[in-house]
Amino acid sequence: MFDGIQRRVVSLWFPRLASDRVLRQRHIDGPFALTLKQKNANRIYCLNAAATQQGLHQGMPYADARAFCPSLQSQVAQPEQDQRLLQTLRRWATRYCPWVGFEGQDGLVMDVTGSAHLFGGEAAMLADMRMRLIRTGISTQIGLADTRGAAWALAHYGEGVAPSGGALAALTSLPVAALRIDDSISVALQRLGLRSIGDLAGAARAPLTRRFGPGLLLRLDQALGTQPEEISPYADPPHYAVRMTLPEPIGLLSDVMAGAERLLVQLCAKLKTQEVGARNLCITLRRVDQGHQQVELRLASPLRDPQRILPLFERGLSEVDAGFGIDQLRLEATQVEALPVQQISHVSGGEKGKLDDLISRLGTRIGLENIQRFLPADSHIPERSFIVAPVAYSDPADSWVSTHPRPITLFPPEPIAGTGTRPPTRFRWRRMSLTTGRTTGPERIAPEWWLQDDNWHSGLRDYWRVETREGRRLWLFYTPQNPGWFVQGEFA
């Protein structure tokens, strides 16, 4: 707010934001609505003007809407896409003033104090807003007043402009619901005969406070300007991208690497300021014939050291076809993760960094998901006592806790001939005749009843460690409920 200048606030309400977003991409004649499942019922989420004229309204069950309007066309709503559009509109609105914030899920609030004269006055500025939004196919209602509450009320209930210092006169005839209060309070006030803001402003304040609490009169005072209400502009998230336009085209790998190094230094400085590290990087090379080529790099761990990242780009950049020359380079961190500043030892940090760099180099050839490690899992079932996870997206386990030794190699159970509850003296496995030497066991393992596993449908298993005279050290088990012997693993 500027000294000596009356504050002026603009409220933009987009009553059909969701449907307008869809209709901008696909034109539909006639009634159209977006549906969303709410409270186990499919209801109308947003609808266009033609559907409103048919008597349909937001929150109406979709089945009732089809009964009233058989020609209704519908589509499933995507609220996350609507919020992305609202984000785009917020950035667009900064052309009129720097202070732009969100007003609920379908509106914007702007502090245009001292900005209107840049567009030829308030009327010309609002006309420009309305014209540009109409061109993009987005319906809007605009309110302008001295306070945020008054601007919101005018946008939702009486689209117009309140003169400077005339908030009460502009709001007198508007319903009490224009004060941004709950519907239950609005209905209760109407039952008391207080239907408009003018009626409420002239009523005794003490009885209203005792019955409805201080929130009602706070909203009234904020709309009239006797109580302050701030507008908090939404800060854009950090954008981790840098660009370089070259005066002369380049084509040699050494020149491209030198340009990439300069961009990496700038980008890593941004990452360090935000205490994050890059996981995915993408460098876009624009050729003089307007063609584009991209080289992506996925890192095994968050990183913001340009000297470590640059060599990892060399293989991808060496395969780029420069054509008649490259005149622009753009580097962007498409995925970042937190990387706070911390003090680490030179030895441990260097060894871990070398391992991560090796994983990144291998990942560029075969994919980071294909470089995997084993991690312990909380299960006594041998097949479920471990999980396989990508190395780049998991941390190594500190230790493996096992009360009983387990074979280094596990495979699906392979049946062998044998009778009785003790390991057979002689048996044949994988075309080899083996003779049992020393045995250790049994270790009984019961199936996990809360999981369905066809491999354990035979019930209990009694596991034995068997050392054969031929040198094989096998892991055998016997199924008492369905007598039979199987080999499932081999020790080192």
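Keep in mind that the model is predicted.

Start with the cores. The largest nonpolar core has 33 residues. Leu 281, Ile 283, Ile 309, Phe 313, Leu 317 and Leu 329 have the most contacts inside it. Which elements give two or more residues to this core? They are strand S9 (241–250), helix H12 (253–274), strand S10 (276–287), strand S11 (292–303), helix H13 (306–318) and strand S12 (326–338). H12 supplies the largest share, eight residues.

Look at Ile 309. Beyond its neighbours within four places in sequence, Ile 309 contacts Leu 264, Cys 268, Leu 281, Leu 297, Leu 299, Leu 303 and Arg 304. Another core lies apart from the largest one. This other core has 28 residues, including Ala 151, Ala 153, Leu 174 and Ala 188.

Next, Ala 178. Ala 178 sits in the loop between helix H7 (167–171) and helix H8 (183–191). Buried or exposed? Its relative accessibility is 1%, so Ala 178 counts as buried; the cut-off is under 20%. Setting aside residues up to four places away in sequence, Ala 178 touches Gly 149, Trp 152, Ala 153, Tyr 157 and Ile 197. Ile 138 is 40 residues from Ala 178 along the chain, and their C-alpha atoms are separated by 23 Å.

Last, the helix pair. The axes of H1 (residues 17–25) and H4 (residues 79–93) come within 10 Å and cross at roughly 90°. The two helices, H1 and H4, are therefore roughly perpendicular. H1 brings Leu 17, Ala 18, Arg 21 and Arg 24 to the contact. H4 brings Gln 81, Asp 82, Leu 85, Leu 86 and Leu 89. By class, that contact of H1 with H4 has five nonpolar, one polar and three charged residues.

Technical notes:
Residues numbered from 1 in each chain as written. Predicted model: local features only at pLDDT ≥ 70, side-chain atom pairs only at ≥ 80, totals over all residues. Heavy atoms only, no water. Helix = DSSP H or I, 4+ residues; strand = E, 2+ residues; numbered from the N terminus. Buried < 20%, exposed > 50% of the residue type's maximum accessible area, 1.4 Å probe, protein only. Contact = heavy atoms within 4.5 Å. Core = buried A, V, L, I, M, F, W, Y, C linked by side-chain atoms within 4.5 Å. Axes fitted to C-alpha atoms, helices over the stretch in contact; angles between N-to-C directions. Parallel < 35°, antiparallel > 145°, perpendicular 65-115°, else oblique. Nonpolar A, V, L, I, M, F, W, Y, C, P; charged D, E, K, R; others polar.
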